[in-house]
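Please consult the sequence and the model before reading on.

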Amino acid sequence: MTQTTGITITGVSGRMGQMLVQQVTSHEMTHLAGAVERSGHDWVGQDLGVAMGGTATGVVVTDDAAAAMKDAQAVIDFTAPVATIDFAKAAAEAGIVHVIGTTGMSAEEIAQLKAPAERAVIVRAGNMSLGVNLLTLLTRKVAAALDEDFDIEIIESHHNQKVDAPSGTALMLGEAAAEGRGVALSDVSDSGRDGITGARKRGDIGFSAIRGGDIVGEHDVMFAGAGERIILRHIASDRGLFARGALKAALWGQGREAGEYDMLDVLGLND
C-alpha cells in the first residue's frame, strides 16, 4: 500500500480547521496525523471525530503542538499571527512543511518566520486558491502596464465574522500592484478614509473593506482612469477551495529545500 502524507491541523475547531479535516481525511494521498487547539478549549482531550459530532477517528485533540507534529510530514495552519509564529518554530523543530493561511500578520511577525524557514519549508499565502493567485499575477502585470494616470483600488468583501481588514488577499493584491509599479506598498497604501480626506493622492493604492452576512470572499482590483475602468475580479463561493489549495501546498512542499515559498511557487506561476 502506498504510504500517505500525515497532516496536522491547527485551530481544528474553527470553520477552516474542520474543512481541512474533511479534505485531509477524504484525500487519497493524505491522512490526519494530529489535531491542535488552544489550551483550555473544550475539544482538548477529546477524540476529534467525536468532538466534530461524528464517529471516533483515533486522533485526540491536543494543545501540545510539538506532540501533534511528531508523526506528521506537514502542518496546515489557519489560526492567528502569534500562534502561527509558535507553530512555525515547532514545525521547524520537527522538520516538517508548514503551510500558513493565517492572515493579519504584521511585517514584524512575518519577519519572525525567517529563522524557522532556514530549517524547514514554509508556504505562506494570503489566499490559497488557484483563481486568486492568477488574479495576483494579472494585477502585477496590469499595474506594470498602466501608469499613475490610473488609480488602483482594491475592494474586498467577506462574512461578518472576519476579524481583520484589509483581508490577507487584499494585501496580497496590493503588494502585487505595488510591485508592478516598482514601489513599496507601505509608501502608497490608503485604507483609512473617513471624513474630509481631501483629494486622492496620485499613485496611492486604495483599499475598501465590506463585511456582511456569509460572504466567503470577493475581491476586485479596479484600475480607474479618465473615461475608463479596468476591473479584475475573483469570487469564491466555496470555502473548500482554500482547504484544497492548502492541501496541494502541503503535498508540493514534500522534499523541497528549506525556505519561504508562496502559492505562485506551488502553482508554477512565479517568473
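The model is predicted: local features need pLDDT of at least 70 and side-chain atom pairs count only at pLDDT 80 or more, while totals for chains, interfaces and linings use all residues. Residues are numbered from 1 along each chain as its sequence is written, and side-chain values use heavy atoms, leaving out hydrogens and water.

**The sheet.** Five strands form an open sheet with mixed pairing, in the order S8-S9-S7-S10-S11. Strand S8 (189-190) and strand S11 (228-236) stand at the edges with a single partner strand each, so one side of each is left without a neighbour in the sheet. Helices (H or I, at least four residues) and strands (E, at least two) are DSSP runs, numbered from the N terminus; two strands pair if DSSP finds at least two bridges between them.

| Strands | Sense | Bridges |
|---|---|---|
| S7 (residues 151-158) and S10 (residues 217-225) | antiparallel | seven bridges |
| S7 and S9 (residues 205-211) | parallel | seven bridges |
| S8 and S9 | parallel | two bridges |

Ile-154 stands opposite Val-221 in S10, Ser-157 opposite Ile-210 in S9, and Ser-189 opposite Ile-205 in S9.

**Helix H1.** Helix H1 (residues 15-26) has twelve residues. Its buried residues (under 20% relative accessible area, 1.4 Å probe, protein chains only) include Met-16, Leu-20 and Val-24. The buried residues of H1 pack against several elements, among them strand S1 (5-10), strand S4 (74-77) and helix H10 (240-252), where contact means heavy atoms within 4.5 Å.

Notes:
The expected span of a helix is 1.5 Å times one less than its number of residues. Buried means under 20% relative accessible area, exposed over 50%, partly exposed in between (1.4 Å probe, protein chains only).
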